[in-house]
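This report covers a salt bridge, a helix pair and a pocket, in that order. The structure comes first.

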Amino acid sequence: MTRYPVVFLSLLFTLSSSISTAYRDDVRFTELSEELTLRGIAIPTGANITVTQVEASSSSEEDNYLPDATNPEFSGKTIIDQTQGGGTSSHATTVGVNLFGNETSIAPGISTIDVYFANEWLSSEGWSTGFRTPSESNPLQNHSWISTTTSTAPTLRMDYAVVQDGFLPVAGLNNSTTTTVPTVYGSIYNGITVGRSDGGHSQGGTVYDTAGRLKPEIVVPSGATSFATPIITATAALLIENAGNDIAAKDQLTLKAILLAGADKSAVSAWSQTASQPIDTVYGAGQIDVYESYFIQEGGQQGTGSVIGEYGWNLATVSSSQADDYDITVPAGFELRDLSVILTWNRIVNKIGPSYLAETLPDLELNLLDVNNAATLQTSDSSLDNLEHIWRDAGNALSEGSYALSIQSDATAEYSIAWRSQLYQDYTLWSSTAFTEITPVADRDADDDPEGDGIENRLEQAFGGNPELADPEILPVFEIVNENDNEYLQISFRRPTFENGLTYTVETVTDLGSTWSSAEADVTLVSINSESEGYDRYTYRCVEPVSAHPQAFLRVAISE
């Protein structure tokens, strides 16, 4: 049997460490789960998604590459040894725990896993050599291993198979800042490569198959890239399930764009980009943010020439003769913050007999245009990478006006674009449109009440009122509800879906002479329901029933 030089991404001492679910807080999966529960929405789990896990051997003497099926985390899973005859390894088991484990993974609904031994994968399965054409029937591949080979054949064959079969490969880099980006599979075009949020991975860009391309595309808070990689794969599985029957939403290009557009820059140190380097040279697009990626997908597909929402995506084809534009409108009294836009497309590889040859990579360019002033605000135009990125934080917010995302290409190319942003309105912005000439300037401060309805301007802003009309209906609503034969005091109030610079704190007390408490042991958020015109209704409840005390009080404290 021919053996290829393949190695683990993690060190043996890492394998013996306990697996922690703390990363789920860091990647905002916990936050997403809590919000979906409060909104009465089922949490996607990657149910019915079959994945491919390719593993190197844990021993130079034996082919140990399988997750341990007796691990309690794998109860109910079907782990298929596609290579046949393999033994188990702690490395494969830990990768599996993060990818599809019942307790640890964010995609515990994955129940069927095809596992391959990396050496046989490259040779007998045709992913590196031979006349056999590589193919994949599953939507996701996880590669927590690397190869030291200098051949570009594995990269070319992977990119070919992605376009042919429509799956998304996810691969890790090495665990050292002094190592170069590996060919297998750190150098693929048509997939996602993964690093660590602490920067402890291969750096310096690709060396083979066009040098200088930026890697990784995304990072994960993990001490080893082996175990960071399946967290990205699991997130993709979650999104595929959530997409349901929407073919475009779970296209591999769309998934890649959504995952990268949602990435968090604040979770890594010194993130930067230039016009010719669309993502950071160490941290890629940033740290995986499951919350943002979920809502990008939920924003839905929005076509060219339309006014796009704060979240969304599109899968389309651009020609060399005409730009694809996506219009952005920032309404009066608002600014648009944290605009993150990812554009990505595939490299096309041709198969001629046993040879795989890459076509010239289309050169797509992404521009942010100020339509009102006929100016280009920002450009992303890498001559090497098959992705572009526009990022504008709160310090580079877009003010009221009309803008456009414009895509140009030197050749016809299928692409996916995904974006997220946040409308923002502090008191100054709110007051700029909330008042008319009937309200004197002297009555426009936050603690004024120009119409005399007992609601100060700050509260009008907080609950979505009109400071020039009496509107007591915007105030919080109190009620006593019965649940499981107990009665509870609860309060509900309107809150905007956009950011407004305010903090809402619900507090309770059973004696007005005591200190108000917002502790979870005393008051809890029980539901969030959508209302019209960009508002949600939040409902909080006292933890203890009414019968526990002779009296109880709830309030909403508003602060900047």
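## Salt bridge

D536 pairs with R39 in a salt bridge, with 2.7 Å between the closest N and O atoms; the term requires a side-chain nitrogen of Lys or Arg within 4 Å of a carboxyl oxygen of Asp or Glu. Because D536 lies in strand β26 and R39 in the loop between α3 and β2 (50–55), the pair ties together parts that are 497 residues apart in sequence. The structure holds 16 salt bridges.

The model is predicted: local features need pLDDT of at least 70 and side-chain atom pairs pLDDT 80 or more, while totals for chains, interfaces and linings use all residues. Residues are numbered from 1 along each chain as its sequence is written, and side-chain values use heavy atoms, without hydrogens or water.

## Helix pair

Helices α4 (residues 90–100) and α7 (residues 225–243) pack at about 30°, their axes 8 Å apart. Helices are DSSP runs (H or I, at least four residues) and strands likewise (E, at least two), numbered from the N terminus. In the contact (heavy atoms within 4.5 Å), α4 contributes H91, T94, V95, N98 and L99, and α7 contributes S226, F227, P230, I231, T233 and A234. These comprise six nonpolar, five polar and no charged residues.

## Largest pocket

The largest pocket holds about 1500 Å³ of space. A pocket is an open set of points on a 1 Å grid over the protein atoms alone, where a 1.4 Å probe fits, with protein on both sides within 12 Å along at least five of seven lines; lining residues have an atom within 4 Å of a point. Of its 47 lining residues, Y291, Y311, Q422, T497 and E499 are the closest to its centre.

Definitions and conventions
Grid points are joined across faces, edges and corners, and a volume is the space filled by probe spheres set on the points. Axes are lines fitted to C-alpha atoms, for helices over the stretch in contact, and angles run from 0 to 180 degrees between N-to-C directions. Ala, Val, Leu, Ile, Met, Phe, Trp, Tyr, Cys and Pro count as nonpolar, Asp, Glu, Lys and Arg as charged, and the others, Gly among them, as polar.
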